[in-house]
Amino acid sequence: MEHESVELRKHISAQGILVQDLMTGVCHELEEWNSANGKIGDCQQDPQVDELQSSLLSNADNRKAIFLENFDVLLAEHKVEEAIEALEAEEKNCPELKGPGDTSSMELSSYRSEFLKRRSMLEDQLIEITEQPVVSILELKKALSALIKLGKGPLAHQLLLKSYGSRLQKSIELFLPSCSVYPKTFPATLSRLLFSIISVTTKESGLIFGDNPVYTNRVVQWAEWEIENFVRLVKENAPSSETVFALGAASNCVQASLTYSSMLESQGLKLSKLLLVLLLPYFEEVLELNFRWARRAALDVTEIDESLLLSTRSMSPLSAFATLSDSVLVDSGMKFMDIIEDILAQLTPMTVLHFGANILTRISQLFDKYMDMLIKSLPGPSDDDNLTELKEVIHLRVETDSEQLALLGLAFIILDELLPLAVIKVWSLKNESKELESENIVPNASITAELKEWKRSLQHSFDKLRDHFCRQYVLTFIYSRQGKTRLNALIYLSGEGADLYWDSDPLPSLPFQALFAKLQQLATVAGDVLLGKEKIQKILLARLTETVMMWLSEEQEFWDVFEDESVPLCPLGLQQLIFDMHFTVEIAHFAGYPSRHVHQIASAIIARAIRTFSARGIDPQSALPEDEWFVETAKTAINKLLLGPSGSDTSEIDEDHSIIHDEIVSDSDETASSSLSSIESFKSFASANMGELDSPMYFTNPDG
């Protein structure tokens, strides 16, 4: 019956239109006829004509009233489509209703006002439909299409964005209470809610409004505003920034939001750059506070979770040092790696892609601070003023050779094995992730360069620790307990001094014999403490040798003695000095750690000595044998020292140099029973199987 009623109304409306057309045509014909016959104005009209015109006008008014009444019924019944059809039909019959037109007629002006009023009421009704909280997608689309037909396209598009924005807001409000339950993953859920709504809105905008760039730009602007609100919500509901949960939440936020935004690029929405701009300060803040906490935790050796360490100690390569040093040292190394691994575990491929360089920098800075702490635990004062802040938190001291070597070995394993393995494991996920197949991927070459630069930074930090150990170790060798310098230029001033062994089988001067014994002893200890770690053994022995040579090269007081005109020089002193340099170079070759830098420094010392002695009137050509003689004699001296000194040699060692040997033997409990002249004890120091180092850069200066 309702359908029949609708059909009847349509029929009545059509008939009314025909009647209206008839009346309009008749009136128009009458006006033309009257005008043609000059019967307008003062001339009296035919009463029949007046009656006909009145009848026609009355019928027109009735038709308009009927239209307005029917339209009101359609509005009351919310029959939007039929109301729009009626409006379009009426505007077609009365073109004057569309625009300003000729409104001189009072009746037409009044009707037009009523018509526009009904039109406005229909628009309000359509707007009300779009703003209903429970409006369905179908009803929303119908209402928006109706507004477009009414010429309200911009308003309809605004209502579309408002409606979907309202839907998003309601979804977020329902989800926010559960953020505390899922502190790490809630940003991913928020991202899914946000970008799914943005995607649907973009699609519907294209279907309803087409590819009009004006509307497309409005969708982009709306999406950008919603993204800004999304980032604000993540910040407000995230865990405390110092916790690893906050870093996990930030990483998941970066991963999810950038992944979803990349999916929208096929719809013409490129929002990734905006996301990165908005997420950068948030992620930087979380990263900074996390590494501040990591620094405090890693450097505080008083608070160590024993249960955690017990569970990982048996599996950690650092556990090899547990029996050779204070357990606090090993525990601190394990704790450091646990902290780093906890941070790395929070990272996602997208986070590594866009913030990887920053993260690597902070890891290297944390490692540098850890190296500073280990430096403070070594004997001897530190020259680094920046380490004063660590004095209050250092509760770790190492004294014996074995403890110091264990400390260096622990630091080296972290540098060379554990840290690179942990980082590369996470960085490799970035390359394997299928989600990163977009234009934002960094080339593998850039990734490799990034990691190489990071490793160089780590190496520099470890070199500080290594050099501090070598410097303090060499200083204890060079200076006696009374502060006297054992490596004194006076031993080269006379060919008859007790310090010079010069016969058919020359030997190096006593300080360099002591150096040989010192290195031999340390190599023996290193062979036990750093078992299986030949690389770090060679690095340390090579650097110790370099440090002695560098001290000799830079010690101006040593050279001032030769330049003093009042001090007599002799050719034998020059020969002995050059022989000592060749002997030192041969030690490095013989022990399996040939160092280009040692050779360069030795060559520079020899050249300077020759210049200095030549300036004092000694002819080096007549005083010095060939270089091959020095090399062969140095090798012979090494073999002779390994076999043990003769009685006559030993008897010539003075009291001061005897102290050298006494101190060497007493430096470590572990080495007190070692025989300095035993070939067997020197196996780790001069193994025939030792190969070259992987890279000479580990123990040479950049200048070398």
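# Reading the labels in a helical model

Tutor: E236 and R232 are four residues apart in helix 8 (residues 213–237), so about one helical turn separates them. A helix here is a DSSP run of H or I with at least four residues, a strand is a run of E with at least two, and both are numbered from the N terminus. The model is predicted: local features need pLDDT of at least 70 and side-chain atom pairs count only at pLDDT 80 or more, while totals for chains, interfaces and linings use all residues. Residues are numbered from 1 along each chain as its sequence is written, and side-chain values use heavy atoms, with hydrogens and water left out.

Student: What makes the pairing of E236 with R232 a salt bridge?

Tutor: The closest N and O atoms of E236 and R232 are 2.9 Å apart. A salt bridge requires a side-chain nitrogen of Lys or Arg within 4 Å of a carboxyl oxygen of Asp or Glu, so the pair qualifies. Side chains of opposite charge can pair when their charged atoms come close.

Student: Why is E236 called exposed?

Tutor: E236 has a relative accessible area of 52%. Exposed means over 50%, buried means under 20%, and partly exposed lies in between (1.4 Å probe, protein chains only). E236 therefore counts as exposed, whereas R232, at 39%, counts as partly exposed.

Student: How do you know that E288 and R292 are about one helical turn apart?

Tutor: E288 and R292 both lie in helix 10 (residues 272–299) and are four residues apart, which means a separation of about one helical turn. E288 forms a salt bridge with R292, with closest N and O atoms 2.9 Å apart. E288, at 28%, is partly exposed, and R292, at 46%, is also partly exposed.

Student: Why is R466 called buried?

Tutor: The relative accessibility of R466 is 3%, so R466 falls in the buried class. R466 also forms a salt bridge with D467, the closest N and O atoms being 2.8 Å apart. Both residues belong to a network of salt bridges that links D463, R466, D467, R543 and E546. The structure holds 18 salt bridges.

Student: What makes E557 part of a negative patch?

Tutor: E557, D560, E563 and D564 form a negative surface patch. Patch members have over 30% relative accessible area and no salt bridge; like charges are joined within 9 Å, and nonpolar side chains (Val, Leu, Ile, Met, Phe, Trp, Tyr) within 5 Å. Asp and Glu count as negative and Lys and Arg as positive, with His and the chain ends not counted. The charge is placed at CG of Asp, CD of Glu, NZ of Lys or CZ of Arg. E557 lies in helix 18 (residues 556–563) and, at 60% relative accessibility, counts as exposed.

Student: Which residues does V254 contact beyond its sequence neighbours?

Tutor: Contact means heavy atoms within 4.5 Å. With neighbours within four places in sequence left aside, V254 is in contact with L279, F283, M350, T351 and F355. V254 and L279 are 25 residues apart in sequence, and their C-alpha atoms are 7.3 Å apart. V254 lies in helix 9 (residues 244–263), and its relative accessible area of 1% is why it is called buried.

Student: How do you know that A411 is buried?

Tutor: A411 has 0% relative accessibility, so it counts as buried. A411 is placed in helix 14 (residues 401–432). Not counting residues up to four places away, A411 touches F367, M371, L374, F462 and L465. M371 is 40 residues from A411 along the chain, with their C-alpha atoms separated by 7.6 Å.

Student: Why is T201 called buried?

Tutor: The value for T201 is 0% relative accessibility, so the label is buried. T201 lies in helix 7 (residues 186–209). Its contacts, leaving aside neighbours within four places, are L160, L161, Y164 and W222.

Student: How many helices and strands does the protein have?

Tutor: The secondary structure comes to 24 helices and zero strands. Of the 704 residues, 48% count as buried. Among contacts between residues at least 6 apart in sequence, 79% join residues at least 24 apart. The accessible surface comes to about 34500 Å², of which 53% belongs to carbon and sulfur atoms. These areas come from the Shrake-Rupley method with a 1.4 Å probe; for residues, only the protein chains shown count as cover.
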